Amino acid sequence: MELTSLKPGEHGIISSIGGDKKLAKRLLALGCIEGTDVTLKTIAPLGDPLIINFRGFDLAIRKKDAKNIILLT
């Protein structure tokens, strides 16, 4: 299941990071690693970006990048 499948207020646990190497490296540097609990806080009015919360901070992420964050089902 992708991060974009969540509804605001729902959470999941990161299973893996897909996408190109540059994106994966950036997300890993931010602490978006396997086993991290992530919550979808809000979605912008036009659907992009998404505001996610993990490790105690909020992160605005583009929808196309969020599709590369795979969660455990």
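Student: Where is Pro49 placed?
Tutor: Pro49 sits in the loop between β2 and β3. Helices and strands here are DSSP runs (H or I over at least four residues for helices, E over at least two for strands), numbered from the N terminus.

Student: What kind of model is this, and which pLDDT values apply?
Tutor: This is a predicted model, in which local features need pLDDT of at least 70 and side-chain atom pairs count only at pLDDT 80 or more, while totals for chains, interfaces and linings use all residues. Residues are numbered from 1 along each chain as its sequence is written, and side-chain values use heavy atoms, with hydrogens and water left out.

Student: Back to the loop. What kind of peptide bond joins Asp48 and Pro49?
Tutor: The bond between Asp48 and Pro49 is cis, with omega at about 5°. Asp48 also belongs to the loop between β2 and β3.

Student: Is Asp48 buried or exposed, or in between?
Tutor: Asp48 counts as partly exposed because its relative accessibility is 41%. The classes are buried (under 20% relative accessible area), exposed (over 50%) and partly exposed in between, with a 1.4 Å probe and protein chains only.

Student: Which residues does Asp48 contact, leaving aside neighbours within four places in sequence?
Tutor: Asp48 is in contact with Ile61, Arg62 and Lys63 on that basis, where contact means heavy atoms within 4.5 Å. Asp48 and Ile61 are 13 residues apart in sequence, and their C-alpha atoms are 8.0 Å apart.

Student: And Gly47, buried or exposed?
Tutor: Gly47 has 17% relative accessibility and therefore counts as buried. Gly47 is in the loop between β2 and β3, and its C-alpha is 9.2 Å from that of Arg62, 15 residues away in sequence.

Student: What about Arg55: where does it lie, and what is its phi?
Tutor: Arg55 lies in the loop between β3 and β4. Its phi is near 55°, which is a positive value in a residue other than glycine.

Student: Let us zoom out. How many helices and strands are there?
Tutor: The chain has 2 helices and 5 strands, and from the N terminus on they follow the order β-α-β-β-β-α-β. The radius of gyration is 11 Å, close to the 11 Å of the globule rule for 73 residues, so the chain is as compact as a globular protein of that length. That radius is taken over C-alpha atoms, and the rule is 2.2 Å times the number of residues to the power 0.38.

Student: What share of contacts joins residues at least 24 apart?
Tutor: Counting contacts between residues at least 6 apart in sequence, 54% join residues at least 24 apart.

Student: What percentage of the chain is buried?
Tutor: Of the 73 residues, 32% count as buried.

Student: Which residues touch the most other members of the largest nonpolar core?
Tutor: They are Leu3, Val38, Ile52, Ile61, Ile69 and Leu71, in a core of 16 residues. Each of α1 (21-29), β2 (37-43), β3 (50-54), β4 (57-61) and β5 (69-71) supplies at least two residues of this core, and β3 gives the largest share, 3 residues. Such a core is a set of buried Ala, Val, Leu, Ile, Met, Phe, Trp, Tyr and Cys residues joined through side-chain atoms within 4.5 Å.

Student: What does Val38 touch, not counting residues up to four places away in sequence?
Tutor: The residues that Val38 touches on that count include Leu3, Ile14, Ile52, Phe54 and Leu71.

Student: Now helix α1. Is Leu27 buried or exposed?
Tutor: Leu27, which lies in α1, counts as buried because its relative accessibility is 1%. Not counting residues up to four places away in sequence, Leu27 touches Ile17, Cys32, Ile61 and Ile69.

Student: And Lys21, buried or exposed?
Tutor: Lys21 is also in α1, and at 73% relative accessibility it counts as exposed. The C-alpha atoms of Lys21 and Glu34, 13 residues apart along the chain, are separated by 16 Å.
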